[in-house]
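This report describes selected features of a protein model, with attention to charged pairs, helix packing and individual side chains. The sequence and structure are shown first.

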Amino acid sequence: MTSLASYASMVPAGPLVLNKIGVVAPYDMALDHEMARWAEGRADLYFARSPFEPVLVGVEQAELVSRPDIVADTAWRISAVSPDCYIYACTSGSFIHGIQGEREFVSAVQGYGVPNVLTVSGAILKALAALDLHSIAVATPYTAPVTERFVKFLNEDGLDVRHVSMLGLSGEIWKVPYSYTAELIVSADRPDAEAIVVACTNLPTYHLIEPLERLLGKPIITANQAVMWAALHHLGLAPVGPGQRLLSVHPTQR
């Protein structure tokens, strides 16, 4: 019988142990692969989805998927792997009740025993603060009522929204082609906007950020980018995204 020692030179070190990020996503989230891009080789993402709600993307849906008890119950499904932090991966669900609502949401979810919770909307504010940006343009895939809530949320933080472009979608946002999203972002831009903020974790943006930043000459902050940047820095890790301006700075307080 061959001894274990004879295999020593053939067995690699490991297994590799990475940090763990628990992602609580709305039931219609379809971009697990995109969120993971920023964490490649840094952290593993573990997803759990909220219960299905038979409603269109809109204000009602945002309110339904952001109930703290439902979010905490969804997080509990992945608690066995002991995530180092949790992301609430719904942009509209975290801004729908404004700045105070976002803070109360985080406090409530943590009160249910879910530690280290970060929201997408909170991460967007951190990203804008880190880059010292105050006047912005906004691009969303949403309908007008949801977009208006997002603008109000940004205004509450003292941000000056110079222009807004939207797609008016109420479902299947993950299917939007890059060409449409690029046109949306470019149409949102204005000379007096210091950056463009792109909402929705279900809108693919990863490969657009760097080339459009070069084209427009200003930062582009997207939902998935901002929350992954915040989560990875929370863990002391550097996100992956060559050329993306946000990734060159660390979170700060405005």
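## Salt bridges and packing

Glutamate 172 and lysine 175 form a salt bridge in which the closest N and O atoms are 3.3 Å apart. The model under discussion is predicted.

In total, the structure holds eight salt bridges. Side chains of opposite charge can pair when their charged atoms come close.

| Glutamate 53 | Arginine 67 | 2.6 Å |

In the pair formed by glutamate 53 and arginine 67, the closest N and O atoms lie 2.6 Å apart. Glutamate 53 belongs to the loop between β2 (43-49) and α2 (59-65), and arginine 67 to the loop between α2 and α3 (68-76), so this pair ties together parts that are 14 residues apart in sequence. The two partners can also be described by their accessibility. Glutamate 53 is buried, with a relative accessible area of 15%, because buried means under 20%. Arginine 67, with a relative accessible area of 31%, is partly exposed.

Asp160, Arg162 and Asp192 are linked in a network of salt bridges.

Helix packing is considered next. Two packed helices are described by the angle between their axes and the distance between the axes. The axes of helix α6 (residues 120-130) and helix α10 (residues 223-234) come within 8 Å and cross at roughly 80°. Helices α6 and α10 are therefore roughly perpendicular to each other. On the α6 side, Val120, Ala123, Ile124, Lys126, Ala127 and Ala130 take part in the contact, and they meet Ala223, Ala226, Val227, Trp229 and Ala230 in α10.

Two residues illustrate further surroundings. Threonine 181 is found in helix α8 (residues 178-188) and counts as buried, with 0% relative accessibility. Apart from residues up to four places away in sequence, threonine 181 touches Val176, Leu203, Pro204, Thr205 and Leu208. Leucine 167 lies in the loop between β6 (160-166) and α8 and counts as partly exposed, at 30% relative accessibility. Leaving aside neighbours within four places in sequence, leucine 167 is in contact with Thr140, Pro141, Tyr142, Val176 and Leu184. From C-alpha to C-alpha, leucine 167 and tyrosine 178 are 13 Å apart in space, and they are eleven residues apart in sequence.

Finally, Tyr7, Met10 and Val11 make a nonpolar surface patch of about 340 Å². Tyrosine 7 is found in the segment before β1 (19-25) and counts as partly exposed, at 40% relative accessibility.

Key
Residues are numbered from 1 along each chain as its sequence is written. This is a predicted model: local features need pLDDT of at least 70, side-chain atom pairs count only at pLDDT 80 or more; totals for chains, interfaces and linings use all residues. Side-chain values use heavy atoms; hydrogens and water are left out. Helices (H or I, at least four residues) and strands (E, at least two) are DSSP runs, numbered from the N terminus. Buried means under 20% relative accessible area, exposed over 50%, partly exposed in between (1.4 Å probe, protein chains only). Contact means heavy atoms within 4.5 Å. Patches are made of residues with over 30% relative accessible area and no salt bridge: like charges are joined within 9 Å, nonpolar side chains (Val, Leu, Ile, Met, Phe, Trp, Tyr) within 5 Å. Accessible areas come from the Shrake-Rupley method with a 1.4 Å probe; for residues, only the protein chains shown count as cover. A salt bridge is a side-chain nitrogen of Lys or Arg within 4 Å of a carboxyl oxygen of Asp or Glu. Axes are lines fitted to C-alpha atoms, for helices over the stretch in contact, and angles run from 0 to 180 degrees between N-to-C directions. Angles under 35 degrees count as roughly parallel, over 145 as roughly antiparallel, 65 to 115 as roughly perpendicular and the rest as oblique.
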